[in-house]
Amino acid sequence: MKIVTEKIKLKTTGNPDLINITEKVSEILTRSQLKNGIATVFVVGSTAAITTFEFEPGLIKDVQDLLEKLISEKGSYAHDLTWNDANGFSHLRAMLLGPSLVVPFEEGRLLLGTWQQVVLAEFDCRSRSRTIVVQLIGIS
Amino acid sequence: MKIVTEKIKLKTTGNPDLINITEKVSEILTRSQLKNGIATVFVVGSTAAITTFEFEPGLIKDVQDLLEKLISEKGSYAHDLTWNDANGFSHLRAMLLGPSLVVPFEEGRLLLGTWQQVVLAEFDCRSRSRTIVVQLIGIS
Amino acid sequence: MKIVTEKIKLKTTGNPDLINITEKVSEILTRSQLKNGIATVFVVGSTAAITTFEFEPGLIKDVQDLLEKLISEKGSYAHDLTWNDANGFSHLRAMLLGPSLVVPFEEGRLLLGTWQQVVLAEFDCRSRSRTIVVQLIGIS
C-alpha cells in the first residue's frame, strides 16, 4: 500500500468560475502507477468547493442559477459586516457543496461515469490562487 | 492493510427512487473479513447520489418534498435544451447531495448510528441500471 | 501504513449548536505521529452533520439563517407524524450537509486553509451526547 500526495495549482477568476479538473486528477493517477485504491480531491480554503457534474454549457448555467436561487450573491450576510468583505455568499456556497470528494479507482482508472466530471467551483468574488490536494491511497 | 473493491448492481425505477443499501454494504464488509478501516460508497453516474438518512416512509416523503422545493422537477433547465432531454433537475439534485460517502468501520462493523442508513438516491427521470462501488481499505 | 481510530465525545445543546472541532481533530493527528494520509471525520447519528466553514460569529449566523430558509424549523414534516417527534427538519438538514468529511494531511498537519474549520453541526431539537469518529490512515 502506498500514499501519493500531489497538488494542482490553479489561478481562478472570481465567482462564478467552474473548472473541470478531471483530466488533471487522472494524470496524477496515471503517473502514480497505482492500480486500486481511493483518490481524495480536496480544495484548500473556505470559499471554493469540489463537486461533480456533467460539464456542458447548459448545466453549467443551471448550476449557477441554482446557487444564485439558494444563496444569492446580492443577499445580505452578517459575515460581510465582520470583515467589511463581500464574500459571505461564497462561504455559504462552499459549505453547501463541501471541500472534498472521494473517488475509488481500479486498474489505474477513476471509476467515474461517462458524464461525471470532477469540478473545482470557485465562489469567491475575486481571482484566487487555488491549491487542490489530490491524495491517492492504493496498491500498484 | 488490504483493499477490497466490490460492486452493487441495481435496477432503479425513475425519479424518485430511494433505495436503502445499508444491508448490502454491510454484507460486503462481513465477507471481506476486514476489521478496521474506511468504506467508500460511490455511485457511478451524474444523475444519482449516495446519502444517509433514517429510512422511514415519513422522512422519505420529506426528502422528496425538500428536493422538489429546492430543485423542482417541473422547473426549466438549460441542460434540457442541450440534449433535448428532461433530466436537468436530476443532475442538479445529484450534484447537491454528491456521489460518495465515506464511513469508518471498527471490529468489522460500520460505525453508523441506529437510524443512519446508507441510501442510493436515483434522480434520473427513467429506469436505470446502477453500479455502486464499495471500496474497503483496512486491516483484518 | 497504519490505521488509528479515535472518538471525540461531546455533549451538545439543541439546534442550533455549531461546534468547532478542528483543534480536537488536530490533537488526535499529532498523538498518532502519522505524517501523510487521510483523516475521515464522521458523526454517528442522523440529526447532525460534519461541515467546514470559517468559524466566526457573522458566518455562524449566516449558516443558521441559510438553513432556516432552506429547511425551516417551523415547517411541517411527515417524519414528525411518524414518531410524534419534532426533529424532521433536523434529519433533513443533516442529510443536506452529510455526516462525513475527508481531509488529507501531510507532515503531520491537516491540509486545511487558514479559515477552514471542521465543524460539528448539531441539528436535533434537544441536547445530545455525540460521538465523532476520527479515523486516520497513513504512514509515519
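## Helix H4 of chain C

Just past helix H4 of chain C, Gly98(C) adopts a positive phi of about 90°. Helices here are DSSP runs of H or I with at least four residues, strands are runs of E with at least two, and both are numbered from the N terminus. The model is a predicted one, in which local features need pLDDT of at least 70 and side-chain atom pairs count only at pLDDT 80 or more, while totals for chains, interfaces and linings use all residues. Residues are numbered from 1 along each chain as its sequence is written, and chains are lettered from A and ligands numbered from 1 in the order in which they are written.

H4(C) covers residues 88-97 and is mostly covered, with 10 of its 10 residues buried. A residue is called buried if 20 or more other C-beta atoms lie within 10 Å of its own, exposed if 12 or fewer do, and partly exposed in between, with C-beta atoms placed from the backbone. Among the buried ones are Phe89(C), His91(C) and Arg93(C). They pack against elements of two chains: S4 and H2 of chain B, along with S4, H2, H3 and S7 of chain C. Contact means that the C-beta atoms of two residues, placed from the backbone, lie within 7 Å.

## The sheet of chain B

Now to chain B, where five strands form an open antiparallel sheet in the order S1-S8-S3-S5-S6. Two strands pair if DSSP finds at least two bridges between them. S1 (2-12) and S6 (109-110) are the edge strands of chain B, each pairing on one side only.

Within this sheet, S3(B) (residues 36-43) and S5(B) (residues 100-106) are joined by six bridges in the antiparallel sense. Ala39(B), for one, has Val103(B) in S5(B) as its bridge partner.

## Helix H1 of chain A

Which residues of H1(A) are buried? They are Val25(A), Ile28(A), Leu29(A) and Ser32(A), in a helix that spans residues 22-32. Seen down the axis of H1(A), these buried residues fall within an arc of 100°, so they line one face of the helix. The arc is taken from the directions between the helix axis and the C-beta atoms.

The other side of H1(A) has Glu23(A), Thr30(A) and Arg31(A) exposed. The buried residues pack against strands S1, S3, S5, S6, S7 and S8 of chain A. Just after H1(A), Gln33(A) takes a positive phi of about 60°.
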